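Biologist: I have not seen this structure before. Please take me through a few parts of it.

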Amino acid sequence: MTTRTRILTGITTTGTPHLGNYAGAIRPAILASEDANADSFYFLADYHALIKCDDPHRIQRSRMEIAATWLAGGLDVNRVTFYRQSDIPEIPELTWLLTCVAAKGLLNRAHAYKASVDKNVENGEDPDAGISMGLYSYPVLMAADILMFNAHKVPVGRDQIQHVEMARDIGQRFNHLFGNGKEFFTMPEALIEESVATLPGLDGRKMSKSYDNTIPLFTSAKDMKDAISRIVTDSRAPGEAKDPDNSHLFTLYQAFATKAQEAQFRGELLEGLGWGEAKNRLFQLLDGQLGEARERYHQLMSRPSDMEDLLQVGAKKARAVAAPFLAELREAVGLRSFVNQAAAPVATKKKAAKAARFVSFREADGSFRFRLLAADGEQLLLSRNFADGKAAGAVTKLLQSGDALDVRAEALSFSVWLDGAAVADSAEYADQASRDAAIEALRVALAPIED
Ligand code: TRP
């Protein structure tokens with residue numbers, strides 16, 4: 001049994017990773033995957049990308065760029081399961097099973113959907129204008145991503161916490177409806193990396209594509225240098241003391257420097273290092289750390305078939321987990337083969353009941369008796385006489401209760417005893433071996449029914 005923590009996260013494939021994505025998500029995820037206790041599942045959320053983007057070229061380019069970025073950044077595919085969401089057909093299949101238990105009211109409360117509705121209302125439009133079912137159901141697809149692999153921890157940004165909570169909610173409901181006491185799905189927890197600073201962009205606001213203030217990661221050294229030269233600084237001239245704690249250039253430096261490098265840079269700024277030179281230092285630091293990875297990135301991008309092969313292996317690994325689990329879930333909801341219905345407990349019971357049966361009858365003197373017949377109709381026992389049917393019925397019940405049988409052999413026959421009295425007898429057998437075989441047949445016939 002594995003006790004490793006299953007860590008799972010997806011990256012929506014709509015853009016090109018920048019320095020902020022690297023420091024905030026990619027680098028910490030790669031580091032986390034190196035922990036011996038981690039069983040990491042990292043994937044390209046390309047079905048999610050379709051919700052936000054209808055440009056096939058952009059989708060395709062982004063998938064390749066993101067795959068190459070993670071691989072160039074040092075992700076060890078032998079250690080982690082790295083795959084494309086769209087290579088796992090079990091995920092959309094699970095999405096449907098979950099859609100059927102997800103409360104519509106729950107999805108109505110999703111932040112992303114609500115924000116779109118609010119915007120429409122503000123603009124005097126129909127509340128659902130421009131909102132696709134994909135956007136609406138986004139959290140169910142994400143729940144399937146997470147629940148499919150029974151992830152324990154899901155590293156995400158703050159904006160995704162609600163989605164992880166919805167995955168718990170939906171998973172719990174499925175467990176409750178179909179688990180029969182069994183917990184199919186593990187309850188995932190969002191993991192927010194408090195220690196990872198969000199990088200500031202060129203203008204000091206959070207680095208984000210939507211602010212157009214990013215520093216490119218692997219495109220080229222020149223692009224990186226150009227972007228760094230555009231970092232906004234104050235107007236202090238060379239020779240004037242700078243304030244490192246109020247400089248986002250320093251914050252950027254800090255995110256990649258050792259403590260010693262950081263201390264030295266701080267000292268130099270305080271002593272009046274010019275901003276031009278400071279930018280140069282930042283470039284040197286980043287280039288030193290990312291230069292080799294940049295080379296690997298371009299190599300990977302120039303050989304897409306190598307990446308395709310790696311991702312196919314990843315898909316195989318992921319499906320080896322997903323396929324048997326989905327088969328179990330299909331069973332649970334009642335999507336079963338018509339052929340193998342042996343699992344149905346009713347069928348087993350009927351068959352066993354047919355194996356031996358009690359037949360009661362009444363004697364001419366008014367007393368009640370019963371016979372126990374084996375499956376082939378042979379008589380195993382004939383009861384003594386009972387004054388009323390109730391007493392006879394109580395005895396047949398006790399014989400079927402599964403309690404140990406008190407069988408006493410006498411010469412070539414045997415009797416069954418209950419509470420110190422013989423209640424039924426066998427026939428006379430030709431020899432002891434036949435008698436013992438009959439005792440065995442009786443025990444089998446009255447063995448508790450198992451299903
Ligand atoms: N919605 C996530 C985001 O935009 C990406 C994502 C899709 C994801 N499926 C996931 C993250 C499953 C964690 C787990 O950031």
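**A residue, a helix pair and a ligand**

Biologist: Is Val 333 buried, partly exposed or exposed?

Modeller: Buried means under 20% relative accessible area, exposed over 50%, and partly exposed in between, with a 1.4 Å probe and protein chains only. Val 333 has a relative accessible area of 26%, so Val 333 is partly exposed.

Modeller: This is a predicted model, in which local features need pLDDT of at least 70, side-chain atom pairs count only at pLDDT 80 or more, and totals for chains, interfaces and linings use all residues. Residues are numbered from 1 along each chain as its sequence is written, and side-chain values use heavy atoms, without hydrogens and water.

Biologist: Which residues is Val 333 in contact with, leaving aside its neighbours within four places in sequence?

Modeller: Contact means heavy atoms within 4.5 Å. With those neighbours left aside, the partners of Val 333 are Leu 97, Phe 174 and Phe 178.

Biologist: At what angle do H4 and H7 pack?

Modeller: Helices are DSSP runs of H or I of at least four residues, numbered from the N terminus. Axes are lines fitted to C-alpha atoms over the stretch in contact, and angles run from 0 to 180 degrees between N-to-C directions. The axes of H4 (residues 90-99) and H7 (residues 133-148) are 8 Å apart, and the angle is about 115°.

Biologist: How far from a nitrogen atom of the ligand does a polar side-chain atom of Asp 145 lie?

Modeller: Asp 145 is one of the residues in H7 that meet H4. A polar side-chain atom of Asp 145 and a nitrogen atom of the ligand are separated by 2.7 Å.

Terms used: Helix = DSSP H or I, 4+ residues; strand = E, 2+ residues; numbered from the N terminus. Polar contact = N/O pair within 3.5 Å; in protein donor to acceptor, adjacent residues only side chain to side chain.
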